[in-house]
Amino acid sequence: TVSTVKLNPANGHYYEAVTVLGGLNWLAARAAAEARTFQGFQGHLGTITSMGENDFIVSNFNAAALGGAYWVGGFQPPDSPEPTDGWQWVTGEVWSYTAWGPGEPNDVAGEDCIEIPARGGWNDYQCSAGDPTYIVEYEPATPLPPTVTIASPATGATVTGPNVQLS
């Protein structure tokens with residue numbers, strides 16, 4: 001296994017291209033990505049929700065140099081209207097941005113997972129096929145609200161908790 005981790009300063013997420021000898025199908029890549037951690041952050045297959053994020057991934061992880069293509073975390077559940085409806089990210093993030101290659105998605109032979117090939121643009125591809133590389137995204141968890149402690153000068157009692165309000 002060969003991997004490279006890079007920070008996207010625009011969103012604070014880390015991305016890793018993991019190349020596996022013999023390749024992995026999409027489900028195996030998803031499980032492998034979810035089993036990885038980096039600096040305490042849990043991994044998942046990369047999700048691409050903006051042009052900036054897409055440009056970062058494509059410019060930092062050259063598909064041709066990584067065996068020809070790599071898996072990302074987009075998929076189309078069974079029974080979705082083909083070929084363009086129902087696409088989702090593994091994280092449940094809103095599906096609002098796409099960067100399909102020309103003529104894609106086309107659902108040739110049941111293609112329900114997304115890869116990014118060397119020719120550029122997203123390609124819907126058979127989930128059971130093996131791609132040599134997958135992109136892992138590590139993102140900080142949503143920060144917890146700050147904890148505030150307030151002491152009452154009159155009684156000396158304290159109240160501690162998130163989002164404590166003064167009245």
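User: What makes the residues around Phe61 its contacts, and which are they, not counting residues up to four places away in sequence?

Analyst: In this predicted model, Phe61 touches Thr4, Lys6, Tyr15, Glu16, Ala17, Leu66, Tyr70 and Ile135, with residues up to four places away in sequence left out. These count as contacts because contact means heavy atoms within 4.5 Å.

User: What makes a set of residues a nonpolar core, and which members of the largest one touch the most other members?

Analyst: A core of this kind consists of buried nonpolar residues joined through side-chain atoms within 4.5 Å. The largest has 18 residues, of which Ile48, Ile57, Phe61, Tyr70, Val72, Trp122 and Ile135 touch the most other members. Two or more residues each come from β2 (13-24), α2, β5 (69-75) and β7 (113-117). A second, separate core has 15 residues, including Tyr14, Val18, Leu24 and Tyr134. In soluble globular proteins, nonpolar side chains tend to be buried together.

User: How do you know that the buried residues of α2 line one face of the helix?

Analyst: The buried residues of α2 (residues 51-60) are Glu53, Asn54, Phe56 and Ile57. Viewed down the helix axis, they fall within an arc of 160°, so they line one face. Met51 and Ser59 are exposed residues on the face turned away from that buried side.

User: Why is Gly130 called partly exposed?

Analyst: The relative accessibility of Gly130 is 49%. Buried requires under 20% and exposed requires over 50%, so a value in between is called partly exposed. Gly130 therefore counts as partly exposed.

User: Where does Gly130 lie, and which residues is it in contact with beyond four places in sequence?

Analyst: Gly130 lies in the loop between β8 (123-125) and β9 (131-138). Leaving aside neighbours within four places in sequence, Gly130 is in contact with Leu24 and Asn25. Its C-alpha atom is separated by 10.0 Å from that of Leu27, although Gly130 and Leu27 are 103 residues apart along the chain.

User: Why is β9 described as largely enclosed by the rest of the structure?

Analyst: Of the 8 residues of β9, 7 are buried, so the strand is largely enclosed by the rest of the structure.

User: How do you know that β9 is paired with other strands, and which are they?

Analyst: Two strands pair if at least two bridges are found between them. β2 and β9 run antiparallel and are joined by 7 bridges, with Leu24 opposite Asp131 in β9. β4 (residues 41-45) pairs with β9 in the antiparallel sense over 3 bridges, and Tyr138 in β9 is the bridge partner of Gly43. β5 pairs with β9 in the parallel sense over 2 bridges, and Trp71 stands opposite Tyr134 in β9.

Technical notes. Residues are numbered from 1 along each chain as its sequence is written. This is a predicted model: local features need pLDDT of at least 70, side-chain atom pairs count only at pLDDT 80 or more; totals for chains, interfaces and linings use all residues. Side-chain values use heavy atoms; hydrogens and water are left out. Buried means under 20% relative accessible area, exposed over 50%, partly exposed in between (1.4 Å probe, protein chains only). Helices (H or I, at least four residues) and strands (E, at least two) are DSSP runs, numbered from the N terminus. The arc is that of the directions from the helix axis to the C-beta atoms.
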